[in-house]
Amino acid sequence: MKNLIISTIALVTFLTVAISANAQELTSKKGFPILPEAKDWSISFDAVPFLDYAFDKTRIFSNTPPSSAASVLDFQTPMTIVGKYMIDENTAYRAKARFGINRTSKDTLVNKVGSTTGETVTDNSKESGFALSLSAGIQHYKGKGRLRGFYGAEGMLGISKNGSKSYEYGNPIAANNPGVRTLKDTKGMSLSIGLRGFIGAEYFFAPKMSIGAEFGYGITLTTTGKGTKEQEEWNNGVITRTTNTGGGSSFNMDVDNASSAITFSIYF
């Protein structure tokens, strides 16, 4: 809630300055153009963490991570790269991309079965996953001054596979250590497709530098394939079996960016 209030106050402040600015002042004091021009490129990123620090400098010395922009149906996250290409002064192609890989490994000391001296062995668990999201669309600008509204639409594609785990045990399964335990739990691949319409505003506070916000309405369809689970148990010997785990699908329609996420853009 605190971060939402900070972000909202910051956005209102920028828009108030924008409204009071001279709409005809389209060049800087040194004569540089304020607004982007045809064939300009831009990059954008989430400005909320920087505003958090600006309004609460104690965060600089805190281990608490700054807040981040709200996700857009899992397609817009703080680590997404956003770029635009200006076709003309009022139209731009835009694209987003994100590719992430995660791998973790954890060792746990457990008592060695049968030991009377407190000897320990190590259990190891590994988890891995990846996520790729891409989107492309078109953005139209309205307005002539520093404060410009925009609207548009974009299509989205996402592929991910997260939460697959594998285990190694220090104590072998045996008559004196029976039970059932998992060796591998492999998740199925997820595929998401979506379509999103958006509307927002940018205020150009310096030559080809802007801060803005947007809201949208998106539709996504996600399907997840079946996974597998490999287990072992003791039954007068070691028995290993592999079973299929269920997949599924989901359909979402919703408004996004309800937390007033703010973006900072540079054109060049």
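A pocket, on a 1 Å grid over the protein atoms alone, is an open set of points where a 1.4 Å probe fits, with protein on both sides within 12 Å along at least five of seven lines; lining residues have an atom within 4 Å of a point. This is a predicted model, where local features need pLDDT of at least 70 and side-chain atom pairs pLDDT 80 or more, while totals for chains, interfaces and linings use all residues. Residues are numbered from 1 along each chain as its sequence is written, and side-chain values use heavy atoms, leaving out hydrogens and water.

**View 1. The second largest pocket.** Around this one you'll find Leu-26, Pro-33, Leu-35, Pro-36, Glu-37, Glu-89, Asn-90, Gly-143, Lys-144 and Arg-148. Its lining splits into four charged, four nonpolar and two polar residues (Pro counts as nonpolar, Gly as polar, and Asp, Glu, Lys and Arg as charged).

**View 2. The largest nonpolar core.** Nine residues make it up: Ile-34, Leu-35, Met-86, Ala-92, Tyr-141, Phe-150, Phe-198, Phe-204 and Tyr-267. Such a core joins buried Ala, Val, Leu, Ile, Met, Phe, Trp, Tyr and Cys residues through side-chain atoms within 4.5 Å, buried being under 20% relative accessible area with a 1.4 Å probe, protein chains only.

**View 3. Rings together.** Tyr-141, Phe-150 and Phe-198 form one aromatic cluster, with rings pairing if their centres lie within 6.5 Å. Tyr-141 and Phe-150 sit with centres 6.1 Å apart and planes at 65 degrees, so they pair edge-to-face (planes over 60 degrees apart).

Terms used:
Buried < 20%, exposed > 50% of the residue type's maximum accessible area, 1.4 Å probe, protein only. Phe/Tyr/Trp six-rings, centres within 6.5 Å; stacked < 30°, edge-to-face > 60°.
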